[in-house]
Amino acid sequence: MKTTQLLIPTQKEAPNDAQVISHQLMIRAGLISKLASGLYSYLPMGVRILKKVEAIIREEMEKSGSQEVLMPVTQPAELWQESGRWEQYGPELLRFKDRHGRDFCMGPTHEEVITTMAAQYIRSYKQLPMSFYQIQTKFRDEIRPRFGVMRSREFIMKDAYSFHLDQESLQNTYDIMHQTYCNIFDRLGLDYRPVLADSGSIGGDASHEFHVLADSGEDAICFSDESNYAANIEKVSFSQQQATATPKEQQTSVLTKKKTSIEQVSEFLAIAPSSCIKTLIIKTLEGFKALALRGDHELNEIKAHNLFGEFELASDDEIKSLGLKKGFIGIKALGIDLVVDYSASIMCDFVCGANEWDHHLTGVNWQDTEFTQADLRNAIEGDDSPDGQGKLVIKRGIEVGHIFQLGTKYSKAMKANVIGESGKAVTTTMGCYGIGVTRVIAAAIEQNYDDRGIIFPESIAPFQLVIVPINYNKSTRVKALADDLYQVCLEAGIEVLLDDRKERAGIMFADSELLGIPHRMVLSDTHADNGNVEYKARNSAEKIEVSYDQAMTFIQSKIK
C-alpha cells in the first residue's frame, strides 16, 4: 500500500480524556476514533491490526478442534430468564423492547444462545465432545467506560463454548484450551501469565485468567519467584498455621487520643503495622460479624463473600448500636461472632482497640477470646507461595483471556441434554473460553512503546516494512529506486507501506515510529549516489547502511 491511498490521521497530541498510554497512542496513531463514551470506530490501520489478531486466534482455535459459528448480538429476554440471569446480571445488560413490546438485550456474552443451539442440535452422547467459537461484537453498558478500548462498552471478543458428557472430557478440553491460549499469546508476542482466577458472574468451577503484565493493569496478580504458581490476588489462598511465638507481655491500656487508623496507631507507638490487629464489622444476612486481620493486611472481599454470602461494612450508626467505638474496636467482649484471619490468629503480644474511646491495648493475646479462623486476606509481596516453593511476587496485569469450567449451570437450566449410552437423558457439562480481541491490541501497546510511539510485536504490526523515500516527489532517481524496491517487496509477499507523501523526512520518520512498524528503509539522493539504502529496526536506535542490490535479501532475513 501507499500512504496516499490510506487514511492515517496521525496526531501530535492525545485528547485530554486519554489517561493510559494505549488510549493515547491508538488515537495519535489514527488506529481508532471516538464516537461516544466507550464507543470507538476502527480506522484502516486499526483494522489491519485487528484482522491479524483475529487470524492468529482463528488458526489456533481451528487447531484445537473448535468450530466457528456466528451468533446474533441481539438476544431475546426469554433465554436470559430461563438461565436466571435476566435480573441477576445487573445494569450492564442493555435491555430494550422491539416494536411489538417484546424484551431483548444486547449480548454481553453468549452462554444462553450457544446452550440453546446445543440443546437443539446435539442429541446423542456420540456427538460429544464438541466445541464452538465465534469472533463477534459484545456490548456491556459499563457505568464508567475508561482507558479507551481497554474498558469500552462495545468491543470484539472471541468466545468459545464446549459440551461434554462428563467431567473427565471437560477437563481434557479445558487443558487443550489452556495450551491453545498459551499458543495464541505466544504468537501475539505478549509477556503474559495464566493465573488461577474467580469465575465471577459467569459462574462455574475451575477458572484461569490470562494476564498481560503491564504497570497500567487493573488487576494484581501473584506468582512465585521459584515455581509456576500464579493466581489473581483474589484467588490466592492460605492455610491455617501453627503459632510459634510465646506471649511475653502484660496487657496494658494506652491512651491513643484521636489515633483511629492502623497507620496512626503504629506511628504513635513506634511499632510496625504488622504488630497490630484491625477489626472490621460487617453486616450479613445472618447478622453482624467481626473480622480480625493483621494490620498490614487487607480484607479479600471475594473470600468474605464465599464465607458469609452477601455482606457490607457496618455503618457508623450500626457500629454504635452494637456498643462499639469506631476507630477503637478490639477483639475482646464484642458481643458478636469473631472470625480471625489465619495470619492474625498466630500473633501474640499485639496491639488492638480497647473498645474504649481514645484507648488501645498493647500486649494482647488470644487467650480467653472465643473466635473461629478463616482465610480472609489478600496476599502481599513476600508471602510464602501457597505451593510451598518460593515467595510471592505481585505485578499488575491486564486480563486478556479467561477460561472456565462451567459445569451444568446453563445446560441444566436450559435442558441441554443428550441421550447417554444407557439410553437415558444426560445433562451436558460445559466449558467457556473468552479472549478480548480489541483489548489484546491495547494490552500489546501498554507493553510495547517508547517516547516516540508504539513498538508493535511483528505478528500484529499493521505493516512489516515502511519505505521512506526522501524527496520522492522531487527526485526521479529516488522515486525510481523506491518504486522498484516497493514492487519487489510486494512480489516477495512482504507487507510494505511506501510513504509517497509530499512531507518532510522528519514527519515521515515520526509517523512510521508512532505507528510501530517494525522495519524501515530510507532512500535519498545520497543513497542513489552510493548505491546503498538505510535500514533501521523500530526497536533499535542503530542505523545500518545496506547495498541496494542486497536490500531484499537483507530485509527478508530480518522479517520473522
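Modeller: A definition is required at the outset: a charge sits over a ring if NZ of Lys or CZ of Arg is within 6 Å of the ring centre and within 35 degrees of the ring normal. Please note also that this is a predicted model.

Biologist: Which residue lies over the face of Trp-86?

Modeller: The cut-off for such a contact is 6 Å from the ring centre, together with 35 degrees from the ring normal. Over the face of Trp-86, the distance from the ring centre is 5.0 Å. The residue placed there is Arg-95.

Biologist: At what distance from the ring centre of Phe-238 does the charged end of Arg-377 sit?

Modeller: The ring concerned is that of Phe-238, and the charged end of Arg-377 is positioned over it. The separation from the ring centre is 4.0 Å.

Biologist: Why is the aromatic pair of Trp-80 and Tyr-89 called edge-to-face?

Modeller: A pair of aromatic rings is described by the distance of the centres and the angle of the planes. For Trp-80 and Tyr-89 the centres are 5.5 Å apart and the planes make 85 degrees. Because planes over 60 degrees apart count as edge-to-face, the pair receives that name at an angle of 85 degrees.

Biologist: Are Trp-80 and Tyr-89 buried or exposed?

Modeller: Buried means under 20% relative accessible area. Trp-80 has a relative accessible area of 0%, and Tyr-89 has one of 13%. Both residues are therefore buried.

Biologist: What is the geometry of the aromatic pair of Phe-350 and Trp-366?

Modeller: This pair links distant parts of the chain, 16 residues apart, with Phe-350 in strand β18 and Trp-366 in the loop between β19 and β20. Phe-350 is buried at 0% relative accessibility, and Trp-366 is buried at 9%. The ring centres are 5.0 Å apart and the planes make 45 degrees, so the geometry, lying between the cut-offs of 30 and 60 degrees, is tilted.

Biologist: Which residue of β20 stands opposite Val-340?

Modeller: Strand β17 (residues 337-341) is mostly covered, with 4 of its 5 residues buried. It is joined to β15 by 4 bridges in a parallel run, where Lys-289 has Asp-337 as its bridge partner. Another 3 bridges join β17 to β20, also in parallel. The residue opposite Val-340 is Gln-373.

Biologist: Which residue is joined to Pro-129 by a cis peptide bond?

Modeller: Pro-129 is found in the loop between α5 (111-121) and β7 (130-139). The omega of the bond is about 0 degrees, and the residue joined to Pro-129 is Leu-128.

Biologist: Is Ala-333 buried or exposed?

Modeller: Ala-333 is in the loop between α9 (316-321) and β17, and has a positive phi of about 50 degrees although it is not a glycine. Its relative accessible area is 79%. As the cut-off is over 50%, Ala-333 is exposed.

Terms used:
Residues are numbered from 1 along each chain as its sequence is written. This is a predicted model: local features need pLDDT of at least 70, side-chain atom pairs count only at pLDDT 80 or more; totals for chains, interfaces and linings use all residues. Side-chain values use heavy atoms; hydrogens and water are left out. Rings of Phe, Tyr and Trp (its six-membered ring) pair if their centres lie within 6.5 Å; planes under 30 degrees apart count as stacked, over 60 as edge-to-face and the rest as tilted. Buried means under 20% relative accessible area, exposed over 50%, partly exposed in between (1.4 Å probe, protein chains only). Helices (H or I, at least four residues) and strands (E, at least two) are DSSP runs, numbered from the N terminus. Two strands pair if DSSP finds at least two bridges between them.
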